[in-house]
Amino acid sequence: MTRENLRINAERLLRRLDELGQIGALEGGGNCRLAFSDEDKAGRDIVLGWMRAAGLDIRIDRFGNVTATRPGREDGPPVMAGSHTDTVATGGKYDGNLGVLAGLEAIETLNDAGIETRRPVAVTLFSNEEGARFSPDMMGSLVYQGGLPLEEAYGIEGIDGSTVGENLERIGYIGDAPVGGNEVHAFVELHIEQGPILEDEGRTIGAVEGVQGISWTEYTFTGRSAHAGTTPMSRRCDAGYVAAEVAAYVRRLAAETGNGHVSTVGVFEVEPDLVNVVPQKAKITADLRNFDNELLKQAEQKLEAFVDDIAGREGAAVARRTLARFDPTPFDTGMVDRIHGIAERLGYSTRRIASGAGHDAQIMARICPTAMIFVPSVDGISHNIQEYTKPEDCEAGANVMLHTLLELAE
């Protein structure tokens with residue numbers, strides 16, 4: 001077989017996706033493997049077993065990031081594929097998992113074909129990409145490339161009150177390898193689109209040009225509990241009302257900002273959460289995203305002004321906490337061109353596309369040439385137990401990844 005005709009073993013890739021999907025499986029489909037949970041450990045363990053069986057050099061760093069490397073004819077920084085295997089609480093079996101397992105499959109295809117590469121080729125499983133249990137998201141790749149100090153990351157408290165460090169130690173994934181200062185020749189991440197564009201246009205491959213900026217903020221409003229029937233409206237200090245007004249404004253802000261801006265309130269909690277009591281406390285989160293950093297900043301400023309105004313008028317106190325903030329990230333144009341060209345050469349319909357979701361690739365772009373490969377999500381659904389990508393699209397994406405890694409490694 002010539003290198004141009006080289007293809008991954010689709011049956012092996014799909015079987016492993018199914019096997020990994022059994023860990024933390026949810027009724028009706030999907031997965032729950034929150035970062036550093038027992039389910040996360042079980043998922044990591046099975047992937048680590050496959051990496052070892054492939055004869056790869058395994059490196060686990062102090063934050064639990066797992067890198068498996070196939071040596072090249074020459075030493076030096078590897079060409080790397082990677083993604084994550086943690087999920088949100090109601091996640092699917094493709095988000096993140098496809099990128100890790102396709103990277104491993106590409107390496108095993110090289111092994112099966114007896115192909116040596118000049119540079120080493122590696123696949124990395126990053127810790128806590130989702131940020132669903134511990135914020136910010138992309139935490140593992142942030143620590144890996146030195147953007148978040150290790151001890152600071154260890155001390156981050158999650159939604160259940162426990163810390164990252166104590167959970168990493170509990171599941172046995174604090175490795176010996178140092179974090180920060182890692183050298184990578186180039187990084188490629190295969191991922192499902194998590195949106196409808198590729199499917200709507202009948203395209204198989206997206207050559208991702210960049211990732212939009214992300215701003216996550218948590219607001220806690222404190223008012224005064226009162227009887228719902230006897231307290232006049234003029235005498236209320238209603239934290240729930242303030243939170244509701246802010247939530248409605250977050251939605252309006254998307255239309256005001258434009259340029260494809262999206263805004264979401266994902267958490268909305270009130271205390272004491274009783275039908276006949278004016279809420280004393282309310283907590284919400286605001287998720288703002290835009291491809292233009294100046295527009296994103298303007299949206300942040302408008303939201304802050306609105307929060308202060310509505311809370312002040314109600315007499316409620318405000319506490320705010322930044323959960324995540326990432327500028328828009330353009331990917332390396334040469335890498336994007338390469339992926340687009342390889343997809344066309346392999347006979348797949350393709351288009352250039354931008355990512356609305358955050359990914360480890362946007363963090364890795366800080367230290368090396370980086371790009372992403374998208375494959376379609378049926379009905380654009382993700383972060384949902386109904387998330388699905390067709391087998392032939394998983395195979396196509398993995399084949400594009402294989403040839404991208406092979407070219408970069410030579």
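## About the model

Because the model is predicted, local features need pLDDT of at least 70 and side-chain atom pairs count only at pLDDT 80 or more, while totals for chains, interfaces and linings use all residues. Residues are numbered from 1 along each chain as its sequence is written, and side-chain values use heavy atoms, with hydrogens and water left out.

## Overall build

Let's begin with the fold. The protein contains 12 helices and 16 strands; these are DSSP runs, H or I of at least four residues for helices and E of at least two for strands, numbered from the N terminus. Its C-alpha trace spans about 80 × 45 × 40 Å along the principal axes.

Of the contacts with a separation of 6 or more, 79% join residues 24 or more positions apart, where contact means heavy atoms within 4.5 Å.

## Surface and charge

Of the 410 residues, 57% count as buried (buried is under 20% relative accessible area, exposed over 50%, partly exposed in between, with a 1.4 Å probe and protein chains only). The protein exposes about 16,500 Å², and carbon and sulfur atoms supply 47% of that area; the method is Shrake-Rupley with a 1.4 Å probe.

There are 39 positive and 63 negative side chains, yet the centres of the two sets lie 1 Å apart. Lys and Arg count as positive and Asp and Glu as negative, without His or the chain ends; each charge is placed at NZ of Lys, CZ of Arg, CG of Asp or CD of Glu.

## Two buried polar residues

S83 belongs to strand β3 (residues 79-84) and is buried, at 0% relative accessible area. Its side chain forms a polar contact of 2.7 Å with that of E189 (a pair of N or O atoms within 3.5 Å; within protein, one must be able to donate a hydrogen and the other to accept it, and residues adjacent in sequence count only if both atoms are side-chain atoms). Beyond four places in sequence, S83 touches residues including H191 and D360.

N293 lies in helix α9 (residues 293-314) and is buried too, at 17%. The side chains of N293 and R325 make a polar contact of 3.2 Å. Leaving aside residues up to four places away in sequence, N293 touches R325, D327 and P328.

## A partly exposed lysine

K283 sits in strand β12 (residues 281-290) and is partly exposed, with 27% relative accessibility. Beyond four places in sequence, K283 touches E218, Y219, T220, V267, F268 and E269. E201, 82 residues from K283 in sequence, is 40 Å from K283 in space, C-alpha to C-alpha.
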